[in-house]
Amino acid sequence: MSRATIASTLGIVCALVSCNADQSDEVRALPAAHEADSTALAIDTMAVGRPGGARAPDTTDHIQPGQLRTVATAPVMNWTGPGGKPFEVQIRTEDPATANARRFGTITLRNSARRRSPDLGQYPCTSCHLGRGMVLRDARIKDAHQNIKPDHPAQTGATCATCHAADNVELLALRNGERATLDHAYRVCAQCHFSQAESWAGGAHGKRLDGWQGRRVVMGCADCHDPHKPAIESRTPFRAPQLKRPPYRRP
Amino acid sequence: MHLKAFALSALDSATNGGRRYHVWMGSLTLVMLVGAFAYYIQLRDGLAVTGMNDHVSWGLYISNFTFLVGMAAAAMMLVLPAYVLHDVDFSRAVLMAEAVAVAALVMVLSFVVVDIGNPLAAWHLVPGIGYLNWPRSLLAWDVIVLNGYLALNLIIPFYILYSRYTGRTPNKRRYLPWMYIAVMWAVSIHMVTAFLLAGLPARPFWNTALLGPRFLASAFTAGPAFVILLLWFIKRETDYDISEGAFSKLALITTVAAQVNLVMLISELFYKFYSPTHHGINARYLFFGLGEHRALVPWIWAAIALNLVATIALMIHPVRRNMRLLMPACAILFVAVWVEKGFGLVIPGFIPSPLGEIVEYTPTLVEIGVTAGVWALGFFVLTILVRVALPIEMGSVRSPHLGGEGAPVIRPRSTGGRFTERRPVRTR
Amino acid sequence: MSLDLRNTHAEDEGTVLQKRVDRRRALGILLGGAAVGAQALSACSPVAPVSDEEREAKLLQWQEYVKKNYRFMSDEERVDTIARLERLANIKHNVDVRIQATPAQPGVMFGYAFNISKCKGYRACVEACINENNLDRRAGTQYIRIFEMEGEEVNLDEADATFQHEVPAEGHFYMGTQCFQCADPPCVKVCPVGATWQEPDGITVIDYDWCIGCRYCMAACPYWARRFNWAAPEVPAAELNPNQHYLGNRARKKGVVEKCTFCIHRTRQGRLPACAEACPTGARVFGNLLDPNSEIRWVLEHKRIFRLKEDLKTEPRFWYFTD
């Protein structure tokens, strides 16, 4: 009896310790689709066993924050977070395509460079461009990103040159003549959208990754807003609640 | 030895009777069995078999609970004049009123038990082995006062009856202090029940200072009305002597209480409708409906109409004195208060919800079955208590162990204090 | 008129109801019949559990039934009850769960801010919450409510939470509610058995095994934050979240109340609640109110904020703000 107690206590302690280890950056896969039936059984307490009683992986979590877990960050320049503390912007996650598509739906940038280096869809620029200019290595390359029609919105008269440096395809241009790398694209947005940028730095705008505790890593502007087409499209919401409880049917 | 004889004699009185009595008890038992089965369904499947939901989380059970607490409290309206003021008229009627109180309390406690979702955990309420959140929780107060009141209403009449049964006169010095306590306690049980609703700022329909006094007024309307009906029945069916004075005084109490109840209702209506604020939206739902949600509107208007008719009728002296008119008036008043306090108080407190959502409530068959079962239980208990108490009160049943001269020698076991039947004796 | 004590209805002698039976004997017959019936029943039904596991489960269930309120348990008792619950989940449902007993971190008081300019009504938070907290799929319990409001005025009476169309709809805005973990919670005050209380980090929690299901707390909550398990809750095996907390998303049973706990099993580990993490627009801000450098504090200091039903003085720890 005492052995069982010790064992269960140790089990608890291990569980608690491994919970704290949850924040490691190990890759977690999406749970495999269950081939066995997932019919629910009605019993006095909930939860029905997995077929075969397989033990769930220690750090399984249905929201898969690991998918948003940041692998690379860059410190944010020229802005301080709340309390005057510096903070970081995410520049790489483990599986951006799945993460964004699953997490952010239509807000995700669809048809152009969705993440900054090195996860940009068409990075490095020199793979097509000869040097930093507009000249291409291979003239046959077509439709790389000519399909991008800046719609920022159209009334602002924003064109490619508004944000991109004309002489260097890898950099963005700021109005004061400075250059910003794609990792710090927020500096470009902040020029016009200064109030949103201020909120973003403080924490009222945008999204914080990882947890509420510890180092603050946030998503950059381009993670949610496609700079070429920032308007967010509508989508179908998750199912509505049922106000009237349906009559009870014995399962 | 007296005690054993008393118990046996009580059993005798309760099980012995004519055909109508057995039919009555039999049908009550049938309804109780139906209720028990319905409760079994509820225990097995959960409260999902009722019509309650996350929005209207209290329904028929708590509506009846609220009404019956009032009934239990109103019995004290008779006790005070009878014992304390030594009103002769009332002294004959007081034990019947206490029987009503006990039956009502049994129903109250039953409704609480059938309403809670995890009844096996009810021991958590017992201080010592569980944890009773007293004094912060009004429900904890309610548990204490209701059980205390039940104890008082069982012990004091038992003492009086038992004394009479054993041929002694009950000692005033022994029971009178408890009587005083019981009278004050009666007011408190209904005030506490009112406070448990009125203390919730989340529910503006209940969150008024007038709720406690309104509860008392409606209790003293419906309680004495029911006692009048009961006494009339007893007077009709047995030899038990209840004076005209008792009836007229009770009727007067009912009438005055009904008038006060109406005044309070008018006060609430004025407060809620003269300057309609968001806090009056529940009242708007109740009286006029909100959009297509109008389920309670016919009920409340019917209750108010019946209430008015009965109150006005009772205000007319000849009506009050005429037993043929007094009884229907009391019955109508009883029903009107039941609807008003049940459907017209507990349910509309939840519609619309604190976030403005409207989900209406319809009790299911299971719920109605359990409710009917509990009411049948109450009437069952009442009948038994009256059947036991009456012969002792009338002096026709005494302990067989009483000896000596002058003591009536009656063997209750053989004939059991039978009531006279109204049918004439037919000779062969 | 004297009371006639004799049986004066001779013609009824033969009917069943008037049959003269000695009362004592009748009682004896009834009791004897009941005893015989009970014997017969017990002979038919198996009295002893079939297997060792079932016997163990019965013992564990009994120990769970007689245990104290979690709030008054010693640390050892807490460890014991968690071990029992995990073992019961294993035996009865063939699933391994990890139930934490993590206490509140010192110096932490959780606060939440909701940006009603950013919420677009996607209900991604609702979906995440259902998955994270093992909510009843059959009843469709949702801790979070998203209201769609027309125009610019916050008016819950005119709001609609049952919208099911493309969002965001033109001319509408969206606002979400859940348990606000009030600083002066009316639900805690009214619970007759003390089954719900507020933890030092501000989360109002429920001991599901202590709750008697009276639903007084549901009547007392001004924000409609509490849910009741009207029937036994069901969660499909594939969707169960085994990462649980005793005071949070562990298995509930029918007849008890439950509510949002700010994902206590996550937030006490420093993670965001599922709703905050799932929100695609970043409308939800969560953090430690006692940390002057937290985002929540920044929002409270720099944004125009309001709370629902301020006049009730429940001091909810959930603020709304706009851009």
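## Exercises on a three-chain model

Pro352(B) lies in the loop that connects α14 (323–346) and α15 (365–394) of chain B; helices (H or I, at least four residues) and strands (E, at least two) are DSSP runs, numbered from the N terminus. The model is predicted: local features need pLDDT of at least 70, side-chain atom pairs count only at pLDDT 80 or more, and totals for chains, interfaces and linings use all residues. Residues are numbered from 1 along each chain as its sequence is written, while chains are lettered from A and ligands numbered from 1 in the order in which they are written.

### Exercise 1. Cis peptide bonds

Identify the residue joined to Pro352(B) by a cis peptide bond, and state which residue is joined to Pro135(B) by such a bond.

*Solution.* 
1. The partner of Pro352(B) is Ile351(B), and omega of this cis bond is about -5 degrees.
2. Trp134(B) is joined to Pro135(B) by a cis bond with omega of about 5 degrees.
3. Pro135(B) occupies the loop between α6 and α7 (138–165) of chain B.
4. For context, most residues other than glycine have a negative phi, and most peptide bonds are trans.

### Exercise 2. A sheet in chain C

Give the strand order of the open sheet of four strands in chain C and name its edge strands.

*Solution.* 
1. The order is β10-β2-β12-β11, and the pairing is mixed (two strands pair if DSSP finds at least two bridges between them).
2. The edges are β10 (284–288) and β11 (305–306) of chain C, each of which pairs on one side only.
3. Five bridges link β2 (residues 110–115) of chain C to β10(C) in the antiparallel sense.
4. Within this pairing, Asn288(C) of β10(C) faces Phe110(C).

### Exercise 3. The domains of chain C

Describe how domain 1 and domain 2 of chain C are arranged and how they touch.

*Solution.* 
1. Chain C is divided into domain 1 (52–96) and domain 2 (110–321), with bounds that come from an automatic or database domain assignment.
2. Their C-alpha centres are 28 Å apart.
3. Ten residues of domain 1 and twelve of domain 2 take part in the contact (two residues are in contact if their C-beta atoms, placed from the backbone, lie within 7 Å).
4. On the domain 1 side, helix α3 (residues 75–93) of chain C gives the most, with three residues.
5. That side of domain 1 holds five nonpolar, one polar and four charged residues; Ala, Val, Leu, Ile, Met, Phe, Trp, Tyr, Cys and Pro count as nonpolar, Asp, Glu, Lys and Arg as charged, and the others, Gly among them, as polar.

### Exercise 4. Nonpolar cores

Determine how many residues the largest nonpolar core has and which helix supplies its largest share.

*Solution.* 
1. A nonpolar core is a set of buried Ala, Val, Leu, Ile, Met, Phe, Trp, Tyr and Cys residues joined through C-beta atoms within 7 Å.
2. The largest has 227 residues, and Ala72(B), Val100(B) and Val108(B) have the most contacts inside it.
3. Its largest share, 17 residues, is supplied by helix α6 (residues 94–115) of chain B.
4. Each of domain 1 and domain 2 of chain C contributes at least three residues to this core.
5. Apart from it lies another core, of 23 residues, including Leu209(A) and Val217(A).

### Exercise 5. Confidence in chain A

State where in chain A confidence is lowest and where it is highest.

*Solution.* 
1. Mean pLDDT (the predictor's confidence in each residue, from 0 to 100) is 65 for chain A, and 56% of its residues reach 70 or more.
2. The lowest mean, 46, belongs to helix α2 (residues 96–104) of chain A, and the highest, 92, to helix α5 (residues 194–202) of chain A.
3. Residues 14–67 of chain A have pLDDT below 50, and this stretch has 83 contacts in the model beyond near neighbours in sequence.

Methods
Buried ≥ 20, exposed ≤ 12 C-beta atoms within 10 Å, placed from the backbone.
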